[in-house]
Every structure is written in structure tokens, then in C-alpha cells.
Amino acid sequence: MRFYTRIIILVVFLFIAFSSCKVIDPAEAIPSYIRIGKIDLNTNYSTQGDSSNGIVDAWVYVDDQAIGAFELPVSIPVLNEGKRNVKISPGIKLNGMSGYRSIYPFYDSYVISNFELIKDSVRSIYPSVQYNANTKFYFKEDFEMGTMLVKTSISDTSIVIVDKDNPTSNNKKYGAI
């Protein structure tokens with residue numbers, strides 16, 4: 001029995017010693033990279049309000065294939081090269097919770113046709129989106145007019161207007177309840 005054990009150990013040793021790593025660990029493709037710093041929102045202030053937003057994620061698709069959802073800013077490796085169609089959908093924290101992310105359904109996606117992906121190179125994209133055509137604005141409040149009173153059948157709430165220097169907003173006031 002010792003003889004067979006020695007033969008098995010020798011065969012296993014020879015197999016390991018002469019086997020190629022290429023079978024186990026093939027060469028990996030070199031990716032192209034897409035860099036996205038932020039996603040801007042363009043609005044018509046008089047009808048849609050301020051352009052401040054809560055876009056924190058980019059949901060990226062290349063040739064209609066999902067690459068992933070990424071927190072901004074990000075450099076994304078893509079295992080494609082050449083001219084590709086890239087779609088970036090703006091994402092938010094669902095209900096303000098960082099553990100739940102979603103594409104914001106009221107914004108259009110940013111689409112680039114024939115975007116050149118170059119192997120082992122970083123290409124930056126500067127997406128800007130707007131509200132989609134189905135979004136309707138029934139109430140616009142920028143809190144610039146002073147204290148307002150919100151009355152409903154079950155509530156009578158005063159909203160106090162507070163001055164605040166907010167560099168990301170066109171306005172300088174916000175509401176506090």
C-alpha cells in the first residue's frame with residue numbers, strides 16, 4: 001500500500017509542478033475608464049425651481065448593458081473599447097437613507113452616442129440632466145417671501161423662513177417647521 005501512496009503523491013507533485021498557470025489564471029483584459037465627477041441639474045427657475053439637487057450616484061450603462069451604480073465622484077473600469085453608447089442615470093438616496101439607492105425617476109438620463117473608450121485610458125464625462133417631460137410642478141416654494149402658513153384639514157402649521165448662506169443654491173433662505 002505504501003507503494004501506491006508514493007506513486008499517487010509523485011503524480012500529484014508532477015501535475016502541480018508542470019501545470020500551467022494560464023489554465024488557472026488566464027490573462028486579464030485591460031479596462032477603459034470613465035470618470036464622472038458630478039451630475040448637474042439644469043432647470044427653468046421660473047417654472048421648475050432651483051437647480052440644487054440630491055444626485056449622489058451614477059447608474060452607468062454601456063451599449064444598454066448595466067455596468068453598475070457608483071457613488072460620485074468615481075472612475076469606472078469598463079471592459080470595452082472603441083465607440084460605444086453610454087447612458088448615465090442620476091441616482092439618489094431613497095428616502096434619504098444611504099443604504100437604499102435608486103435612479104431618480106423624475107430626471108432624464110444623460111446619453112452619449114459613439115463615446116470613444118480607449119484601453120488603459122481615463123475619459124471624463126460631464127453629465128447634465130433635466131426634469132423629464134412627464135414631471136409636473138403643482139407647487140413651487142423657494143422660501144424667499146417670508147413666513148407662510150400651511151393649512152390642511154388635520155394641521156395648521158407655520159413654516160418659519162431662515163436666512164442661510166448656501167453656496168449650492170440660487171436662494172439664501174430655507175424653511176424650518
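1. Because the model is predicted, local features require pLDDT of at least 70 and side-chain atom pairs count only at pLDDT 80 or more, while totals for chains, interfaces and linings use all residues. Residues are numbered from 1 along each chain as its sequence is written, and side-chain values use heavy atoms, with hydrogens and water left out.

2. Three strands form an open sheet in the order S5-S1-S9, with mixed pairing; strands are DSSP runs of E with at least two residues, numbered from the N terminus, and two of them pair if DSSP finds at least two bridges between them. Strand S5 (74–78) and strand S9 (122–125) are the edge strands, each pairing on one side only.

3. Strand S1 (residues 32–36) runs antiparallel to S5 and is joined to it by five bridges, and Tyr 33 stands opposite Pro 77 in S5.

4. The count of aromatic pairs is four, where rings of Phe, Tyr and Trp (its six-membered ring) pair if their centres lie within 6.5 Å, and planes under 30 degrees apart count as stacked, over 60 as edge-to-face and the rest as tilted. Tyr 104 and Phe 106 make an edge-to-face pair, at 5.2 Å centre to centre and 70° between the planes, and one aromatic cluster is formed by Tyr 104, Phe 106, Tyr 107, Tyr 131 and Phe 137.

How values were computed. Helices (H or I, at least four residues) and strands (E, at least two) are DSSP runs, numbered from the N terminus.
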